Amino acid sequence: MPGPWHNNMEQLFPEHMREIKFFCSSKQSNTCRRADVVLSNCRTVEIQHSFISENEIINRFNDWNRFGKEIIWLLDGNTEDVKCEKLTNGNFLVIFEKSWKYKSFIKTYDNILLEINGQIFK
């Protein structure tokens, strides 16, 4: 069940773009996925607050490829396990105390987005 952060992020987008289901039936498998947000014919946004395994990331990557969709991941960085410090040069240092927020994605995606206090980090 999505929590408040997830719902708040979804509500930044028009209702007709949210919670869209996709179905694919073939001899090999029946696949159903629900996109948190559909941006265009080829891009979806997955909004993630809680733990997700590397294996599940790979499964979603493969499933969304079947639908011809690229996933943009948006993760909640407003949690105790993420520390963000602004450096004197204006850059930011982001430290993950729970490694799933980057390790689950690192083999499959070049970039993910991290939302911290209204700022988006790539």
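Helix 2 has 13 residues, which at 1.5 Å a residue should span 18 Å, and with its end C-alpha atoms 19 Å apart, the two values agree. (The expected span is 1.5 Å times one less than the number of residues; helices, H or I with at least four residues, and strands, E with at least two, are DSSP runs numbered from the N terminus.) All this comes from a predicted model, where local features need pLDDT of at least 70 and side-chain atom pairs count only at pLDDT 80 or more, while totals for chains, interfaces and linings use all residues. Residues are numbered from 1 along each chain as its sequence is written, and side-chain values use heavy atoms, leaving out hydrogens and water.

The buried residues of helix 2 are Ile57, Arg60, Asp63 and Trp64. Here, buried means under 20% relative accessible area, exposed means over 50%, and partly exposed is in between, with a 1.4 Å probe and protein chains only. These four cover an arc of only 130° around the axis, so they sit on the same side of helix 2; the arc is taken from the directions from the helix axis to the C-beta atoms. After helix 2 comes glycine 68, with a positive phi near 75°.

Next, the cores. A nonpolar core is a set of buried Ala, Val, Leu, Ile, Met, Phe, Trp, Tyr and Cys residues joined through side-chain atoms within 4.5 Å. The largest one has 18 residues, and Trp73, Leu75 and Phe105 have the most contacts inside it. Strand 2 (30-38), helix 2 (54-66), strand 4 and strand 7 (113-116) each give two or more residues to this core. Strand 4 gives the most, with three. Apart from this core lies another, of seven residues, among them Val37, Val45, Ile47 and Leu74.

Strand 4 (residues 70-76) also holds aspartate 76, which counts as buried because its relative accessibility is 2%. Leaving aside residues up to four places away in sequence, aspartate 76 touches Trp5, Gln48, His49, Lys101, Leu114 and Glu115, where a contact means heavy atoms within 4.5 Å.

Finally, the backbone angles. Most residues other than glycine have a negative phi. Glutamate 19, though not a glycine, has a positive phi of about 55°. Glutamate 19 is in strand 1 (residues 18-25) and, at 34% relative accessibility, counts as partly exposed. Asparagine 117 also has a positive phi, near 50°. Asparagine 117 lies in the loop between strand 7 and strand 8 (119-121), and its 67% relative accessibility makes it exposed.
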